[in-house]
Amino acid sequence: MIKILSPLVAFFTVASIFAQGLSSETPKLVIGITIDQLRGDYLEAFKKTFGEKGFKRLLNEGLVYSDVKFDFPNIDRTSAIATIFTGAYPFYHGIVGEKKFSIEEGREVSMFADKRYNGIFTSEHLSPLSIKVSTITDELKIATNANADIISFAPNAPEALVSGGHAANNAFWIDDYTAKWASTSFYTAKQPIIDQYNRSSQSLSTVIYSFIWRPAKDVSQYTVFPYTQNVYNFQHHFGSDKQKSVKLFKQSPFVNTEIRQMAERVLNNNQFGKRSVPDFLALTFYAGNYENALDKNYSIEIQDLYVRLDQEIAQLLETVDKTVGINNTLIFVTSTGYFSEQEVIPDNIKLSGGEFRPDRTIAILNMYLMAIYGKEQWIKKYYNGQLYFDRKLIEDKKISLSEFQQRAAEFLVQFDGIQDVITSQQMLHGAYNQTVEFYRNGFYKGISGDLFIEFQPGWKVIDNQVSNDKRINNNAISAPLIFFGQNIAPQKIYRTVDVTEIAPSVAHRLRIRAPNAAKSDVLRELF
């Protein structure tokens, strides 16, 4: 009997040890940090102004990839974060941007507009149902039988919704009108600490007018841009108009403080990372330009923003260490892969290029189409470098859509300032080349237009429908990716990785299924 029991005891002992080993390999908490417009070259350039416990700690102790490729056009913070969290391009996940042109309504609307759900501390009606595939946070919720807690915080609703996903406990953002932390009734789990904060005298909506942004360091230390005309001690107030104040606040370092403090409220008051299943905290920070900066091209403000963001990262890591433990936490940090320039060209400099005016081009194109197909208004809208045709009219006239698009494209490509024109038929059914594949990645049927216009670099698009003109600049932005924390060995990887590799890699570390549209392999250094 003893001879029989001994092998069984040994078997179950080994099995128990093995199971514990597997459990220890799985983080108790994942923190996904997306920093809007973070630039790898700025991290290096500003390094001497950083402390030792923020970005330097991540770069020295983490697995650092030098650059992430976002292989699709018209990147913005929303389409970028959706791609990070789904492991797929907009062609699959459907989030082609923060907003879209609604053909039915004939106007621009939020990508996440959904009248079925009420806003909480906001008048907006939104939901994440526009995301057509699963996210890494959805898959974690499914794998844990809905026991994992998932919360996201972001300056704006779209980033909060795409990083929280369909299955989050809740997703929060700062409302543009009230400055309160808002959400949607789509998410049913309550967060009393957020509600209490919104109603308190310390809430952002109460104190936002009192913020004054001054340099965190002596400006003589901000020497990265030696060609800056003026080294100035700036002082920015956000004004008394709440809507304008909120807009400027979201471009300042104080928005990162607010995000970090909300994350800490969750870490200090909830059981995040202290249970038998992993939890997920998704955070979006800001590292872009401040529109009221005195020097638009190379500002003191952006250097100060990075210094302050470094301090926020350091404080967050310290809180994680105290509450959950860095060794129990997997943290990934990445960029949104673009940078919104505030380029100002001096009057005495004459560059190649010119001004492209979509309204004039549309009028000429429609006259050309009228000469071929009849006197009708064939074009519904120009929006974000795309042309939308009247599909119903084309169908009623029994005109071949493929032929119609191709003729329009061949005519448009002759215009100054246009490099190429890609049709939706090419993207869905045509022969592929590198350019078509690039635009296809950013296309989603039913949302995107009939024609995609590729503009020549240096040209300025003068669009009367938007507040800011856009100068075309195709230079690449260094977008770093850092994994830090649980069982991550320090390493520098000097190769470009695809943004779609992030989600399956995080899934691998969690021992769960990758999002259902993620086709990329796991980053081999994470095995």
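A: Let's start with a pair of residues: Gly-32 has Phe-332 of β12 as its bridge partner. The strands here are DSSP runs of E with at least two residues, and helices are runs of H or I with at least four, both numbered from the N terminus. Strand β1 (residues 29-36) runs parallel to β12, and seven bridges link them; two strands count as paired if DSSP finds at least two bridges between them. This is a predicted model, in which local features need pLDDT of at least 70, side-chain atom pairs count only at pLDDT 80 or more, and totals for chains, interfaces and linings use all residues. Residues are numbered from 1 along each chain as its sequence is written, and side-chain values use heavy atoms, with hydrogens and water left out.

On to the other neighbour: strand β20 (residues 481-485) pairs with β12 in the antiparallel sense, over five bridges. There, Val-333 finds its bridge partner in Ile-482 of β20.

How buried is β12 itself? Seven of the seven residues in β12 (residues 329-335) are buried, meaning under 20% relative accessible area with a 1.4 Å probe and protein chains only (exposed is over 50%, partly exposed in between). Both faces are covered: one side carries Thr-329, Ile-331, Val-333 and Ser-335, while Leu-330, Phe-332 and Thr-334 lie on the other.

Stepping back, β12 belongs to an open sheet of 10 strands with mixed pairing, in the order β5-β8-β7-β6-β11-β1-β12-β20-β2-β21. At its edges are β5 (119-120) and β21 (491-498), each pairing on one side only.
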